[in-house]
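Please look over the two chains shown here before reading the notes on their geometry. The report is meant to be read with the coordinates open beside it.

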There are 2 protein chains.
Amino acid sequence: MATKAIFYHAACPVCVEAEQSLAHALDKNRFDLEVVHLGQSKDRLAEAEKAGVKSVPALVIGNVPLHINHGADLAALK
Amino acid sequence: MATKAIFYHAACPVCVEAEQSLAHALDKNRFDLEVVHLGQSKDRLAEAEKAGVKSVPALVIGNVPLHINHGADLAALK
């Protein structure tokens, strides 16, 4: 069964670069990738915070939150 | 042709987590992954810096440096 991977972003330049270079580099056979725009989907903010996300871009693989470079703090998206 | 991806680390807990969850999650058919321990291979420090790496763990995919969470600044490994 594929592991869930969620890429959280806010459409910032740092986010776009991370999505293109990293998020889509995951093995599609092993990971089920979902891309979530937290600026548009504010209803997903609580879920991201619960997963340990503090800034975007971030990739949550399984239950591991991975912050990639730094685009914006989550607090700035509320 | 596979894109070169280099995962730089220093064997710190944050590094180990990022290697297991992210570096090995890349699609092996599209990416040629090399794992470099900068604490042991200090001769690779200059190359990492030139690629834009400022802290470990970091993953350089093609020519894009991606810092993942934060384990240690590169300066601490010199």
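The sections below take up the symmetry, the interface, the disulfides, the strands and some backbone details of this predicted model.

## Relation of the two chains

In general, two copies of a chain are related by a rotation about an axis together with a shift along it. Here chain B can be laid on chain A by a turn of 180° and a shift of 0.0 Å along the axis, and the RMSD of that superposition is 0.0 Å. This is the relation of a two-fold axis. Both copies use the same surface, in that 100% of the contact residues of chain B recur in chain A.

## The interface

The contact between the chains draws 19 residues from chain B and 19 residues from chain A. About 1,500 Å² of area is buried between chain B and chain A, and carbon and sulfur atoms give 56% of this area.

## Disulfides

A disulfide is a covalent bond between the sulfur atoms of two cysteines. How many disulfides are there over all chains? The count comes to two. In chain A, the disulfide is formed by C12(A) and C15(A), whose sulfur atoms lie 2.3 Å apart, and this pair qualifies because the cut-off for the two sulfur atoms is within 2.5 Å. The link of C12(A) and C15(A) is right-handed, with 70° about the S-S bond. C12(A) counts as buried because its relative accessibility is 14%, where the limit for that class is under 20%; C15(A), at 1% relative accessibility, counts as buried too.

In chain B, a disulfide joins C12(B) to C15(B), with an S to S distance of 2.3 Å. The S-S bond of C12(B) and C15(B) has 70° about it, and the link is right-handed. C12(B) is classed as buried at 14% relative accessibility, and C15(B) is buried with a relative accessible area of 1%.

## Helix α1 of chain A and its cover

Helix α1 of chain A spans residues 13–21, and its buried residues are C15(A), A18(A), E19(A) and S21(A). Which elements are included in what covers the buried residues of α1(A)? From chain A they include β1 (3–9), β2 (31–37), β3 and β4 (64–73), and from chain B they include β3 and β4. One of the buried residues of this helix, C15(A), is also a partner in the disulfide with C12(A).

In chain B, strand β3 (residues 55–61) and strand β4 (residues 64–73) run antiparallel and are joined by six bridges. V60(B) stands opposite P65(B) in β4(B). The two strands β3(B) and β4(B) form a hairpin with two residues between them, and G62(B) in the turn has a positive phi of about 65°.

In chain A, S55(A) is placed in strand β3, which covers residues 55–61. Is S55(A) buried or exposed? S55(A) counts as buried because its relative accessibility is 6%. Leaving aside residues up to four places away in sequence, S55(A) touches H67(A), H70(A), A72(A), D73(A) and L74(A).

## Backbone details

The peptide bond from V56(A) to P57(A) is cis, with omega near 0°, and P57(A) has its place in strand β3 of chain A. In chain B, the peptide bond from V56(B) to P57(B) is likewise cis with omega near 0°, and P57(B) is placed in strand β3 of chain B.

Positive phi values also occur in residues other than glycine. A11(A), with phi near 65°, is found in the loop between β1 and α1 of chain A and counts as partly exposed at 44% relative accessibility. N69(A) has a positive phi of about 50° although it is not a glycine; N69(A) lies in strand β4 of chain A, and its relative accessibility of 21% makes it partly exposed.

## A loop residue of chain B

D43(B) is found in the loop between β2 (31–37) and α2 (45–50) of chain B. D43(B) is exposed, with a relative accessible area of 65%. The residues D43(B) and K78(B) are 35 residues apart along the chain, and their C-alpha atoms are separated by 10.0 Å.

How values were computed. Residues numbered from 1 in each chain as written. Chains lettered and ligands numbered in written order. Predicted model: local features only at pLDDT ≥ 70, side-chain atom pairs only at ≥ 80, totals over all residues. Heavy atoms only, no water. Buried < 20%, exposed > 50% of the residue type's maximum accessible area, 1.4 Å probe, protein only. Least-squares fit on C-alpha atoms with pLDDT ≥ 70 in both. Contact = heavy atoms within 4.5 Å. Pairing = 2+ DSSP bridges. Helix = DSSP H or I, 4+ residues; strand = E, 2+ residues; numbered from the N terminus. Buried area = accessible area lost by both parts, 1.4 Å probe.
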